[in-house]
Number of protein chains: 2
Amino acid sequence: MSVTAPLGFRAAGVAAGIKSGDARDLALVVNDGPSRAAAAVFTRNRFKAAPVLWSAQVVSGGRVRAVVLNSGGANACTGPAGFQDTHATAEKVAAALDDSAAEVAVCSTGLIGERLPMEPLLAGVETAASQLSRDGGLAAADAIRTTDTVSKISFRRGEGGYMVGGMAKGAGMLAPALATMLCVLTTDADVSAEELDAVLRRATSVTFDRLDTDGCMSTNDTVLLLASGASGVRPGLAEFERVVTAVCADLARQLLVDAEGATKAIAIEVVGAASEDDAVTVGRAVARSNLLKCAIHGEDPNWGRVVSAVGTTDAAFEPERLNVAVNGIWICRGGAAGDDRAKVDLRPRDVTITIDLSAGPHSATVHTTDLTAAYVHENSAYSS
Amino acid sequence: MSVTAPLGFRAAGVAAGIKSGDARDLALVVNDGPSRAAAAVFTRNRFKAAPVLWSAQVVSGGRVRAVVLNSGGANACTGPAGFQDTHATAEKVAAALDDSAAEVAVCSTGLIGERLPMEPLLAGVETAASQLSRDGGLAAADAIRTTDTVSKISFRRGEGGYMVGGMAKGAGMLAPALATMLCVLTTDADVSAEELDAVLRRATSVTFDRLDTDGCMSTNDTVLLLASGASGVRPGLAEFERVVTAVCADLARQLLVDAEGATKAIAIEVVGAASEDDAVTVGRAVARSNLLKCAIHGEDPNWGRVVSAVGTTDAAFEPERLNVAVNGIWICRGGAAGDDRAKVDLRPRDVTITIDLSAGPHSATVHTTDLTAAYVHENSAYSS
């Protein structure tokens with residue numbers, strides 16, 4: 001399933017030898033149409049990897065025939081030679097499909113600053129093209145993993161019977177603008193590139209954009225949405241946006257739960273905000289407090305670390321009107337101690353911190369994880 | 001020594017019973033004049049603890065007779081009752097000294113959100129007042145420790161023979177605006193309150209303000225500078241600023257080295273910036289990258305994590321002109337791989353990361369530490 005759940009898509013995932021060992025490291029997703037409409041959102045990091053620069057050009061045309069993705073190397077900070085490597089990869093896919101490289105998007109993930117091993121990579125493209133199939137979605141999702149312990153896939157059926165499917169990777173460097181990740185979404189609905197673009201921007205802004213596990217923004221973030229039109233269904237856009245958002249939210253949740261070293265999935269729910277921007281700002285500030293993330297790891301409902309993070313923002317609120325609940329217990333009321341903190345049960349994996357700014361009707365939820373010794377160990381040893 | 005190194009100051013540090021156990025937890029520093037000129041800088045957190053609100057009022061008058069400091073409780077987020085506790089503490093000091101509470105500054109550090117135990121605290125003020133002495137500086141510095149493993153003290157002699165002394169506390173929550181901390185600086189130079197204010201703002205802006213161990217800003221940050229004038233020396237202001245800055249830098253270094261769980265002292269040196277603000281912005285972004293801090297802990301010269309943090313800022317630079325050195329080896333040149341990273345020796349405790357933005361003549365250095373499992377353990381177990 002995953003990207004091959006909708007009609008009109010084939011995929012493959014192979015071990016090209018980019019990574020050491022026998023693990024799959026190259027995925028190919030092909031849109032057989034009849035439509036090739038596509039949209040994408042990319043990292044806002046000013047260091048954009050070569051495949052991001054390339055794919056942004058491809059997607060600006062509104063059409064994508066295929067996406068080739070590799071793990072085992074980010075091809076970021078590799079200069080003009082790295083860009084040529086990306087170009088050569090797209091050309092190889094185009095040749096295998098007898099199509100144009102200008103409609104082949106490329107995604108890479110792995111270590112920054114090193115060139116990709118092009119010989120095995122290009123050979124892998126040929127193998128992948130020969131293995132493309134309607135049930136290749138799982139192998140493709142497996143091939144894009146780095147420190148991900150499991151593949152992330154999702155699909156939903158829309159009104160009238162069209163499908164939206166997707167796969168994603170990402171475990172560390174999940175942060176600000178986009179949660180750092182690669183994601184390919186597919187649909188057999190008949191939707192134009194402009195409509196896909198609008199829907200994708202709104203869907204990612206309330207899902208992947210609100211995931212912040214370690215505050216680190218990557219150089220390679222890419223979310224692609226491809227439409228084949230093969231179902232013949234032309235959905236209502238509002239309903240289509242709901243389905244795409246649901247698939248994004250499902251994948252975002254899978255990324256969160258698999259975040260490096262995490263033992264808690266923390267929802268920072270900000271209510272009573274003067275604007276949605278204020279709510280996101282406050283949620284993000286709290287999600288980035290290492291001290292709070294350590295406290296939740298220790299199952300300590302330390303609301304002082306919540307308010308001290310809220311106090312660093314410029315959101316509209318009065319300190320003496322702020323309320324904080326942890327798992328439903330309002331342990332901070334009016335900016336001071338409230339209900340008995342001993343009543344808070346922090347043993348479940350899911351933790352909800354509710355912050356009431358008492359400043360307006362808006363709200364937003366930002367998702368993060370706890371900070372653990374396992375995160376430190378994983379990121380002390382692994383070069384990414 | 002410490003705050004009693006300059007003439008005209010007495011101090012004491014006692015165990016009042018605010019903390020559990022027999023540890024010292026209350027300090028008193030008294031300026032016997034002839035001058036009482038004083039200045040201070042405070043946290044920019046919008047949740048300001050009661051003692052911060054109180055002391056800001058006191059210092060606005062430009063005169064401070066005494067400072068009373070306690071560990072074992074921050075008296076932050078304690079509402080009007082907490083403010084009354086601070087006021088009562090200042091009144092108690094004033095009564096013991098037969099002076100005015102309007103010239104008594106108060107500092108508190110410890111857990112947010114809980115009221116202070118006023119009975120032992122006020123009794124402790126009386127004990128401390130009875131033990132004030134010219135050699136009480138060390139006991140005072142000991143009394144303000146929380147998770148600090150050692151006392152932080154410093155002093156320097158200025159031209160003409162005047163002295164500047166100081167004590168500080170701070171181990172976690174060292175961050176943005178001010179490194180989160182309490183610090184009392186004293187001098188027997190004859191300097192007006194306005195001059196002290198200007199000197200203190202400049203000195204802290206290049207020392208404590210550039211310390212960022214965990215990105216968390218406290219509710220209680222306070223740096224006080226008191227002048228007794230007892231040496232009779234009226235220093236040149238530029239020279240005086242150099243001496244005060246040297247004492248601040250020394251104390252900041254002691255805070256850094258004692259930061260919770262740290263095994264590395266990392267200097268992020270940003271050069272070639274279009275402005276000093278740009279240099280500080282870039283330094284701070286890098287200092288807050290958990291991924292980089294983990295990599296340095298693992299002695300991995302991962303420059304990809306440096307550039308991906310630089311890329312999140314709005315500082316003026318071109319990605320393809322950025323250079324990064326770790327301990328003097330330029331492993332990233334022109335935004336791509338440079339010298340052999342195997343040449344980087346990361347075994348020493350001190351690590352220097354140099355970032356050349358190639359965009360102008362300005363520079364700044366931000367200091368941080370590595371992120372370790374010990375930091376996680378300490379902050380999972382300790383409520384602050």
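Me: How many salt bridges does the structure hold over all chains?
Reply: This is a predicted model, and side-chain atom pairs count in it only at pLDDT 80 or more. Side chains of opposite charge can pair when their charged atoms come close. Taken over all chains, the number of salt bridges in the structure is 46.

Me: Which parts of chain A does the salt bridge between Arg24(A) and Asp142(A) tie together, and how many residues apart in sequence are they?
Reply: Arg24(A) forms a salt bridge with Asp142(A), and the closest N and O atoms of the two are 2.9 Å apart. Because Arg24(A) belongs to the loop between strand E1 (9–14) and E2 of chain A, while Asp142(A) sits in helix H4 (residues 137–143) of chain A, the pair ties together parts whose separation in sequence is 118 residues.

Me: How many salt bridges are counted between chain B and chain A?
Reply: Chain B and chain A bury about 4,100 Å² between them, with 59% of that area on carbon and sulfur atoms. Across their interface the rule finds 11 residue pairs in polar contact, both residues being at pLDDT 80 or more. For salt bridges between chain B and chain A, however, the count is zero.

Me: Which residues of chain B lose the most area to chain A?
Reply: The contact takes 52 residues from chain B and 52 residues from chain A. On the side of chain B, three residues together account for 19% of what that side buries, and those that lose the most area to chain A are Arg46(B), Phe47(B) and Leu291(B).

Me: Which elements of chain B each supply at least two residues of the side that touches chain A?
Reply: The side of chain B that touches chain A divides into 23 nonpolar, 22 polar and seven charged residues. The elements of chain B that each supply at least two residues of this side are helix H8 (290–297), helix H9 (303–310), strand E13 (336–337) and helix H10 (373–381).

Me: Which element gives the largest share of the lining of the second largest pocket?
Reply: About 320 Å³ of space lies in the second largest pocket. Of the 18 residues that line this pocket, the closest to its centre are Lys48(A), Leu53(A), Gly79(A), Pro319(B) and Glu320(B). The largest share, three residues, comes from H2(A).

Me: How do the residues lining the second largest pocket divide into nonpolar, polar and charged?
Reply: The lining of the second largest pocket is made up of 18 residues. By class, the residues of this lining divide into nine nonpolar, six polar and three charged.

Me: What kind of peptide bond joins Gly33(A) and Pro34(A)?
Reply: Pro34(A) lies in the loop between strand E2 (26–31) and strand E3 (38–42) of chain A. With omega about 20°, the peptide bond that joins Gly33(A) and Pro34(A) is cis.

Me: Where in chain A is Glu299(A) placed?
Reply: Glu299(A) is not a glycine, yet it has a positive phi of about 55°. Its place in chain A is the loop between helix H8 (290–297) and helix H9 (303–310).

Methods: Residues numbered from 1 in each chain as written. Chains lettered and ligands numbered in written order. Predicted model: local features only at pLDDT ≥ 70, side-chain atom pairs only at ≥ 80, totals over all residues. Heavy atoms only, no water. 1 Å grid on protein atoms, 1.4 Å probe; cavity = no way out; pocket = protein on both sides within 12 Å on 5 of 7 lines; lining within 4 Å. Points joined across faces, edges and corners; volume = space filled by probe spheres on them. Helix = DSSP H or I, 4+ residues; strand = E, 2+ residues; numbered from the N terminus. Nonpolar A, V, L, I, M, F, W, Y, C, P; charged D, E, K, R; others polar. Contact = heavy atoms within 4.5 Å. Buried area = accessible area lost by both parts, 1.4 Å probe. Salt bridge = Lys/Arg side-chain N within 4 Å of Asp/Glu carboxyl O. Polar contact = N/O pair within 3.5 Å; in protein donor to acceptor, adjacent residues only side chain to side chain.
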